[in-house]
Structures are given as structure tokens and as C-alpha cells.
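Hi,

Here is the structure I promised to pass on. Have a look at it, then read my notes below.

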Amino acid sequence: MNHDKYRELIELSGMDELNTSDMELLKQHLSICKECASFYEEEKKFKELLICGKTTEPSDELLKEARLELRAALRLERS
């Protein structure tokens, strides 16, 4: 069975972009397809992480290290 159509519906449902008939079609499919149901749950968790996710600022040490690596890469590219 080709699940691409249902994966697309799952992604659209995560963005609240499904009309009523497509949502019903998706619900029916999820009730019989473990693979798509699992994908749906993963997408739902991912969306929750994006909404509730905490942003963190990089430490000064990490920024310093990244800048040094960038400078070294640029020097190597020039030569």
C-alpha cells in the first residue's frame, strides 16, 4: 500500500490544514494502519516539541570555539 498520500494528510493535519472529509479519511486509515498511526504520533510529538521547546543561548566558550574553527577553515580554503 502506498502511504505517501496519508503521510501528506498527517503533515497537513499537524498544520490544521485538513478539511472535514480529509480528516475523516485520515482517521479511518489510522484506525487500521499501524505504520501511519505510528508516524502520526511521532509528528504530533514533534509539533509539541516545537511549540513548547525551550530556546537556549550558546555559551561564550562554544561561540569562541566555533569562531576559531571557522577562521581555521577559511585560512585553509584560501591556501
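How many residues apart are K44 and E41 in helix α3, and what does that separation amount to in helical turns? They are three residues apart, which means about one helical turn. (Helices here are DSSP runs of H or I with at least four residues, strands are runs of E with at least two, and both are numbered from the N terminus.)

Before going on: this is a predicted model, where local features need pLDDT of at least 70, side-chain atom pairs count only at pLDDT 80 or more, and totals for chains, interfaces and linings use all residues. Residues are numbered from 1 along each chain as its sequence is written, and side-chain values use heavy atoms, leaving out hydrogens and water.

The side chains of K44 and E41 form a salt bridge, 3.8 Å from N to O. (That term means a side-chain nitrogen of Lys or Arg within 4 Å of a carboxyl oxygen of Asp or Glu.) A search of the whole structure turns up two salt bridges. E35 and R7 make one too, with their closest N and O atoms 3.5 Å apart. This pair joins distant parts of the chain, as E35 sits in helix α3 (residues 34–52) and R7 in helix α1, 28 residues away.

Now for S13, also in helix α1. S13 is buried, at 14% relative accessibility, while G14 is partly exposed at 29%. (Buried is under 20% relative accessible area, exposed is over 50%, and partly exposed is in between, using a 1.4 Å probe and protein chains only.)

Cheers
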